[in-house]
Amino acid sequence: MKVLEIKNNLLAELSETTRIIIAAVFVGIMAGFATFLLKKSISYLSILLTGHFSSYHSNYLFLVCPLAGILLATLFQLFIHKNLAHGTEQLKNKINANDFHMRRDMTVSPLLGCIMTVGMGGSAGSESPSAYAGAAIGDRTARWFQLSPASARILFGCGAAAGIAGIFKSPVGGIMFAVEVLQMEFTVIGILAVTCAAITAFSMCFILSGFSWDLTLTADSVFDPSLLWWIALFGIFCGIYSAYYDFTQKKTGKFFLNIRNRWLRAGLSGLGIGVAIFIFPSLYGEGYNVVSDVINGARTPVLTYSPLYQYSMNPIILISGVAAILLIKGVVVGATNNGGGVAGKFAPTIFAGCLCGYLFAFIANSLFDAGLSTQNFALIGCAAVMAGAVRAPLMAVFIAAEISDHYNFIIAFIIVSALSYLTADSIRKLSVRFNKQ
């Protein structure tokens, strides 16, 4: 009781603004630590399950791992009596309902569900659970600091932004998530608090991970302004793909949500994901290892561990494999997020964008002798598909720049993100108009 009395007396001496900023920094520390543990846990579990697999032979455990992960995540959600899927959408609903209170266990439960799902092969990301848990940390912190309802709203946004900033190591990306995706309106103090939380979360995760980036370029890549026309064309290409990706993801999600029996839903989605990953193991998890290899010039990581690996040096087989993966990526993401898994939708667009860039540059070089760098276009694509599919061009620009620590491509990121977003949005509007007729 004495400790609580001392705490209350100290808080009473501080202004509301001071308490908000201190609380925001605390939220950033906790969210950064949580996202670091999440990333490490997913990595360790993936290595434990697949580290002994052969690159040259078929690995049949790929058929089982995603199924087990989806079933475990389904059981876990049943045990805690809470649906943890679509964390970003749930946050939006809470904001619209002006409800910023979350259960105590939500600071941990989304992370545990994500470890089971993504660590065991679910083809999706870890950002939505990170944002969801971050928002819950923000809510608990606001209560501890005895903040007003208006200030608690700010801490809610701080937590969500910190979760994204930590998981992507992208502080500005986290801020843009709160503003552009969640569409939260902040005062000057609110913006300052969100900035403090995002920078703190990024710093925590960056320090704990040994000052390393998730995507590291081994060679210095230089933006070539003479390629602007190709880059603009690539942005439109990514917009078309983004519309397709979004369409297949939603259709797949609707299919699984129409299956009322949760165990049948989980079983079918897990088996489907398993078959896809068995043929194309690069679909396993978030796929950052594949993205890192591609942007550094490796030719065959897309088909590593695949039954097709022995043919991966054949350019036709390789590029056909890339195209096939792009065609089914939205399907497996939709199955993971709607079949019972706990995951996110943003990280898969980085993977898809990378392969779009590789495919585009390969085709342009083959048909027109364009001399495009497959590595550079793969990196640029990381922003383009996120902008078009997630409908958040500003967030996509900064996440792509910060996740790779490559701000010298910022002009290219802006161009492809804007064109991809506009193209995908136009296609969606035309589709809605056509369906109404």
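Before placing any residue in a helix, I noted that helices here are DSSP runs (H or I) of at least four residues, numbered from the N terminus. By that rule, Leu75 lies in helix 3. I also kept in mind that this is a predicted model.

Core. I looked up the largest nonpolar core, which holds 138 residues, and found that Phe168, Phe177 and Met395 touch the most other members. Helix 14 (residues 346–368) gives the largest share of this core, with 13 residues. I then listed the contacts of Phe168 beyond its neighbours within four places in sequence, and these are Glu127, Asp214, Tyr288, Phe346, Ala347, Ile350, Ile399 and Ile403.

A buried charge. I next turned to Glu402, which is found in helix 16 (residues 393–403). Glu402 is buried yet has no salt bridge, and the nearest side chain of opposite charge, that of Lys169, is 12 Å away. Even so, when I set aside neighbours within four places in sequence, I found Lys169 among the contacts of Glu402, together with Ser170, Pro171, Val172, Gly173, Trp213 and Tyr407.

Surface. Lastly I checked a nonpolar surface patch of about 410 Å², which is made by Leu71, Leu72, Leu75, Leu78 and Trp263. Four residues of the patch, its largest share, come from helix 3 (residues 65–80).

Conventions: Residues are numbered from 1 along each chain as its sequence is written. This is a predicted model: local features need pLDDT of at least 70, side-chain atom pairs count only at pLDDT 80 or more; totals for chains, interfaces and linings use all residues. Side-chain values use heavy atoms; hydrogens and water are left out. A nonpolar core is a set of buried Ala, Val, Leu, Ile, Met, Phe, Trp, Tyr and Cys residues joined through side-chain atoms within 4.5 Å. Buried means under 20% relative accessible area, exposed over 50%, partly exposed in between (1.4 Å probe, protein chains only). Helices (H or I, at least four residues) and strands (E, at least two) are DSSP runs, numbered from the N terminus. Contact means heavy atoms within 4.5 Å. Lys and Arg count as positive and Asp and Glu as negative; His and the chain ends are not counted. A salt bridge is a side-chain nitrogen of Lys or Arg within 4 Å of a carboxyl oxygen of Asp or Glu. Patches are made of residues with over 30% relative accessible area and no salt bridge: like charges are joined within 9 Å, nonpolar side chains (Val, Leu, Ile, Met, Phe, Trp, Tyr) within 5 Å. Accessible areas come from the Shrake-Rupley method with a 1.4 Å probe; for residues, only the protein chains shown count as cover.
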